[in-house]
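Subject: Structure for your review

Dear colleague,

Please find below the structure that I am handing over to you. My notes on what was found in it follow.

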Amino acid sequence: MALVSWVRGSISRVNLEALRDHARASILDVNDGITSAAGIAEGFISAGASTRTLLFAGTAVILAGGSAAAGARFSEVRTEWEMNRALLEAERASIEADPAGEFEELVGIYEAKGLDPRLARQVAEALTELDPVAAHADAELRLEALGPTSGAVLAALTAGLCYCAGAAIPLAAMTWLPRGELLALTFVAILFALGLTGWFAAWLTGLPVIRLVRRNIVLGSAVMVAGILVGLALD
């Protein structure tokens, strides 16, 4: 029972952590989209650009920024998957060359984690029977199960869509808010959106809400102020 409980607990923690990692990455992409588009939007507004020009600039940011975010995430995920696959192949070769020695190494890893020698050996035996490479990947390399594909395409699409969703917020603000107060109202709307993403990030990570919200607002304000100053200088 102790062995089953330990394995189940480990799997649950891995799955939960993977979901949180994906959610955190998506929130970061949304933040990037909001901040980038907001800085450009405030710059164009302060430079006295027409509504048509603002819409063109906002659309260009959404398309170009979303494509860049998707490409960067594809390269990141694909490269990491290829590196992990190379590590697993090296571990597979080590197990085939010296299975007994690798098994004892696995037992030692679980003992170092705090399991008593008997339970450590039971865990190592059970996991080795299922998949010795996966057992070593988890314990020794700290790698989760590596799928047959990298998932880079899905990750890229998610990153691109999240960035576009964030960048669409300043575009919507420029379209719907009154032209006379567009600069100030867009500034406030963007800070509100960044505050919401900061709160959601705090909920995901368990970190203090005030700290993450304040960080988002301060960084977003700095980017927008920089955009405003550039726009005023070019006006």
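With which residue does glutamate 76 form a salt bridge? The partner is arginine 73, and the closest N and O atoms of the two are 3.5 Å apart. Please keep in mind throughout that this is a predicted model.

Salt bridges

The whole structure holds 5 salt bridges. Glutamate 76 is partly exposed, at 48% relative accessibility. Arginine 73 has a value of 17%, and it counts as buried because the limit for that class is under 20%.

Arginine 73 also meets the side chain of aspartate 29 in a salt bridge, at 3.2 Å from N to O. Since aspartate 29 lies in helix α1 and arginine 73 in helix α2, this pair ties together parts that are 44 residues apart in sequence.

Apart from neighbours within four places in sequence, aspartate 29 is in contact with Arg73, Ala159, Cys162 and Tyr163.

Another salt bridge joins the side chains of glutamate 89 and arginine 92, with 3.7 Å from N to O. Both residues are in helix α2 and 3 residues apart, so about one helical turn separates them. Glutamate 89 is partly exposed at 43%, and arginine 92 is partly exposed at 34%. Arginine 92 is also 9.5 Å from alanine 137, C-alpha to C-alpha, although 45 residues separate the two in sequence.

Aromatic pairs

How many aromatic pairs does a search of the whole structure find? There are 2. In one, the ring centres of tryptophan 199 and phenylalanine 200 are 6.5 Å apart and the planes meet at 35 degrees, so the pair is tilted. In the other, phenylalanine 200 and tryptophan 203 are stacked, with 5.6 Å from centre to centre and 20 degrees between the planes. Phenylalanine 200 and tryptophan 203 both lie in helix α7 (residues 182-205). Ring pairs link Trp199, Phe200 and Trp203 into a cluster.

As for accessibility, tryptophan 199 is partly exposed at 46%, phenylalanine 200 is partly exposed at 29%, and tryptophan 203 is exposed at 60%.

Yours sincerely

Technical notes
Residues are numbered from 1 along each chain as its sequence is written. This is a predicted model: local features need pLDDT of at least 70, side-chain atom pairs count only at pLDDT 80 or more; totals for chains, interfaces and linings use all residues. Side-chain values use heavy atoms; hydrogens and water are left out. Contact means heavy atoms within 4.5 Å. Rings of Phe, Tyr and Trp (its six-membered ring) pair if their centres lie within 6.5 Å; planes under 30 degrees apart count as stacked, over 60 as edge-to-face and the rest as tilted. Buried means under 20% relative accessible area, exposed over 50%, partly exposed in between (1.4 Å probe, protein chains only). Helices (H or I, at least four residues) and strands (E, at least two) are DSSP runs, numbered from the N terminus. A salt bridge is a side-chain nitrogen of Lys or Arg within 4 Å of a carboxyl oxygen of Asp or Glu.
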